Amino acid sequence: MFRTLLLSSAIALALSACDRTATESPMPNTAPVATAPTQGENPLLAASTLPFQAPVFDRIQDSHYQPAIEEGMRQHLAEVRKIADNAEAPSFTNTIEALERSGALLIRARSIFSAMTSANTNPTLQAVDEALAPKLAEHADAIHLDPALFARVKSLYGQRADLGLTPEQVTVLERTHEDFVRAGAELDAAKQAELRKLNSEESSLTTAFSNKLLAANNAGGVLVEDVKKLDGLSEGDIAAAAEAAKAAGKDGQWLLALQNTTQQPVLASLKDRALREQVMAASLGRAEKGDGNDTRATIQRLAELRARKAELLGYPSYAAYGIADQMAVTPEVALKLLTDTVPAATTRAKAELAKIQAVVDAQNGGFTAGAADWDFYAEQVRKAEYDLDEAQIKPYFELDRVLKDGVFFAAEQLYGITAKERTDLPVYHPDVRVFDIFDADGKQLALFYLDPFKRESKQGGAWMGNFVEQNGLTGDIPVIYNVENYTKPAAGQPALLSWDDVTTLFHEYGHALHGIFSKTTYPSVAGTNTPRDFVEFPSQFNEHWALDPKVFANYAKHHQTGEAMPQALVDKIVKARTFNQGYATTEYLSAALLDMAWHTLPSGDAKKDVDTFEREALAKYKVDMAAVPPRYRTNYFSHIWGGGYAAGYYAYFGAEVLDHDAFQWFRENGGLTRANGQVFRDKILSIGQSRDLGTAYREFRGKEPSVEPLLEHRGLK
Ligand SMILES: [Zn+2]
């Protein structure tokens, strides 16, 4: 389980960076809550005896993680030492497969720990995370930079065509070799020593960044003393703001908490312009206050050390290093994908801004519309042009119905699988729900956990991860979780989702399906262990089914009356899909180009002031529209500074080319059918990275992917 181990945190982080935002919702708690810890023993040290090795959350305490992970590293190093020192000549079985089997304790403890630091953290876990990060980086280096071990890998790699290996084994061998080389196995001792120091420092800094940003987000909300200022917000939003203030010790006031993206959902309905500007300013400058949560010094050092790391490894920039093992292969390819779309996106955004300004002028606003006004007036444009109001559609999107009659229903139609809730397994928070996932023949495929609601202990966004990875060597089936950030409604209120929330639920379950259907022999290439610019393909692809007429009709029913959504309203949702896509595409491209700008810096150049650098980079790529700030500014861009998306935020767009192109194949072949689903399951969803994914895609599609369906979908053609 070698690669999985070294990558498991990268993958968890990468997925935790799933670019999704949050909105509202309640669910009955049916699962038992963690209680009554046993003294003296550490449950992480042994495999769970619960079904499918489900984590024993009723017995795990915060104090168990660090000793279990440290013991896991010790055991793993001992296992690796045995492999490296084996007197027998290297073979695939005694070296590569042995590595795949190693590190079981470390993987188990780390998978659960990284899930908790993302979704249910606290100061104790954060401190453990900060303490462990450099040790884990050193651990990975101790293995990759072990000369005896690398000699065995290298020797096998040289003879790979003559070893009688299966195609999957060849892939695993090639990837293992590549991992060693990319980690510096071929460098001289002095350079390896420097690399080890840089890796350790990098992991400390990314952890520090995440912890600072979580604190900055929690401290960065806008406190309102007079409820009249909240005019325009729904009763539910106002109640949520009152509860947020109460939780922050400001009872009797209202707290507009920050979401992780630049745009804040409340801005679409807040009538008070001064308050809108205050919220936008709080968002843009959340981690630039010169206090302990200021992230800029951390960012500067990260950019600098990554550039140096790439230089040591023989690459002109960190982006060149980071993209070399991706589908895109070079920063130039990734950059071209982005910059080619800039003119169409910004032209469209300028046209949208003109419409917004026209509304402002028609109302004698007397001001130039800016970023803080965008969503408020865009919402009016939407009502005027599409006559669509979020408040009209939300009653038709009740969480439980969207989940069971939408997300699970679509998966059954396409792939024949079913989900059944169970309440006997322990969970880490009362909101978490657990489902058995069965194949068409009744055989259990996976366990699936869903953690739907926003809370202070959870990072922003939405993501998927594994507690247990599918493993053909051990026969383990996947234990998978999805985490969302829907606003928890007040007690007794229904969990009503926005349209964006609905697509997020489909998105994350798309990642889950990628894990659930995995059928590889070796865990390092199982499920979502794929390049970043591929990993968002199954998830984004799954979003398409939210609007499939058969699926939609099955879940979009009024939460009180059970009536289907009127067709006129459905038509409006379909029509409104291209609404505001100039803004959405431009803010995305700006963030992706900022990522590329930071990570294409040559070593020694990353010393510029963060804000100046950002301003110049946006101007250089012609995405410097004041009314359309990047989706994430540098100071709170957790994908690239705290997660696994450094030089990889472009990947969403790369994967989007694939998801629209693949959906086009379904359209050409009769849409939502079991037969089509089976083809997609067999050729894409089950293969992990057991073979070349570009080839696999072409075999599925019968041709190269085309960008046209994407541009058409976004209304940019
Ligand atoms: Zn995703």
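Strands (E, at least two residues) and helices (H or I, at least four) are DSSP runs, numbered from the N terminus.

This is a predicted model, where local features need pLDDT of at least 70, side-chain atom pairs count only at pLDDT 80 or more, and totals for chains, interfaces and linings use all residues. Residues are numbered from 1 along each chain as its sequence is written, and side-chain values use heavy atoms, with hydrogens and water left out.

The protein chain has a mean pLDDT of 91, and 94% of its residues reach 70 or more. Over residues 1-17, pLDDT stays under 50. Over residues 19-39, pLDDT also stays under 50.

Back to β6. Its partner is strand β7, residues 479-486. The two run antiparallel, joined by 5 bridges. Two strands pair if DSSP finds at least two bridges between them. Find glycine 465, then look across to tyrosine 481 in β7, its bridge partner.

Now turn to helix α10, residues 273-284. Its 12 residues reach 16 Å from first C-alpha to last. That is close to the 16 Å expected at 1.5 Å a residue. The expected span is 1.5 Å times one less than the number of residues. The buried residues of α10 are Leu275, Arg276, Val279, Met280, Ala282 and Ser283. Seen down the helix axis, they fall within an arc of 160°, so they line one face of α10. The arc is that of the directions from the axis to the C-beta atoms. Ala274 and Ala281, on the other side, are exposed. An α-helix has 3.6 residues a turn, so residues three or four places apart point the same way.

What does the buried set pack against? The buried residues of α10 pack against β1 (222-224), β2 (254-256) and α15 (371-386). Contact means heavy atoms within 4.5 Å. At the N-terminal end, aspartate 272 caps the helix. One of its side-chain oxygens lies 3.0 Å from the backbone nitrogen of alanine 274.

Follow the chain into the loop between α10 and α11 (296-312), the place of threonine 295. Threonine 295 counts as buried because its relative accessibility is 0%.

Notes
pLDDT is the predictor's confidence in each residue, from 0 to 100. Buried means under 20% relative accessible area, exposed over 50%, partly exposed in between (1.4 Å probe, protein chains only). A polar contact is a pair of N or O atoms within 3.5 Å; within protein, one must be able to donate a hydrogen and the other to accept it, and residues adjacent in sequence count only if both atoms are side-chain atoms.
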